[in-house]
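I opened the notebook on one strand and its place in the sheet. These are my entries, in the order I looked things up.

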Amino acid sequence: MMSHRLQLQSIIVNTLQPHHFPFLPRYTSKRVSFSSVCCGRDLQMEVDKVASDLLVADPALLEKKIEAIRLGGPQKLQVIADFDATLTKFWVNGTRGLSSHGLLQQGNPEYDAKRQQLYEYYHPLEFSPTIGLEEKTKLMEEWWGKTHGLLVEGGLTYKSIRQSVANANIAFREGVSELFEFLEERDIPVLIFSAGLADIIEEVLRQKLQRSFKNVRIVSNRMVFDDDGHLVSFKGKLIHSLNKNEHALDMAAPVHERLGYKDGTIDDNASIKKRTNVLLLGDHIGDLGMSDGLNYETRISMGFLNHNIENSLSCYREAFDVVFVNDAPMWEVIKLVSRVCSSGR
């Protein structure tokens, strides 16, 4: 146990040098809790608060990227974000927060159980190292297709979605609303990519943030309801965990119909693809693929490492420009965005 603590503390403290980052404030040392509950441990470390929450492997490269995006201006910037465990917290009220898909209870225990059985069968296949990409893609299409079929067959209603969200143990990271507002004021689009269900994500936004943002676009699977609020079908081509990227923009249905926004209130697909500077937020290394399909000039990737930290930290440092641990809030993301949107140093 002690060796784990010392090893992890050494990795974190030696990785980050806060004076390299003008977008970061200086913190005084304080005791913080470093949780790794899923590993069966609760680690306590006496470290600097910045070092406990934020790690940067290559400060000089990050600084170079910040300056390149700043010189391009806000008109060339877009933000791409995963939803579950990226915009939302990993831990909520001391327990694992629900995903936007996992929170759904369609009011029919038989069909809820059937969807759970599909999850237990296909989820291990999604992360199997022995299955090739082509075969795995077919399996994911099969899984998502069967799940969507069960939602229709089981009589899902929009009322069930609203109730599921109201009862769900799900919450946004602190600062998400402020980040969206900052970007909205500067007409910078936010693309939320999810292999889940757009209607649920929009309901989470509505209930948990209690406002909508005209610059936020959800690229996900969208439902079609009849006049009585019953699910009858899905719009567009299936979006699953292996194809949620900028190619999916052309597959996604119109967004924000239920939030009062119509097409044309934010950039269309062609305009978005001309925004070639990217701030990417994700919680899995695979989320780096969300910018596939965009011929970007500069990308700053920010990864939220939520569990299995000791084993994954090295890989995340190599993959992402910035890594957040400890279920960090969005304040440092806002400071970085403020920096890249500034007119001077």
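How many residues of strand S4 (residues 77-82) are buried? I found 6 of its 6 residues buried, so defined as under 20% relative accessible area with a 1.4 Å probe on protein chains only. I took strands (E, at least two residues) and helices (H or I, at least four) as DSSP runs, numbered from the N terminus.

Before going on, I noted that this is a predicted model, where local features need pLDDT of at least 70, side-chain atom pairs count only at pLDDT 80 or more, and totals for chains, interfaces and linings use all residues. Residues are numbered from 1 along each chain as its sequence is written, and side-chain values use heavy atoms, with hydrogens and water left out.

Next I checked the faces of S4. Leu77, Val79 and Ala81 are buried on one side. Gln78, Ile80 and Asp82 are buried on the other. In a regular strand, side chains alternate between the two sheet faces.

Then I looked up partners; pairing takes at least two DSSP bridges between two strands. S4 runs parallel to strand S10 (residues 277-282) over 5 bridges. Ala81 has Leu281 of S10 as its bridge partner. S4 is also parallel to strand S7 (residues 190-197), over 4 bridges. There, Val79 bridges to Val190.

How values were computed
Buried means under 20% relative accessible area, exposed over 50%, partly exposed in between (1.4 Å probe, protein chains only).
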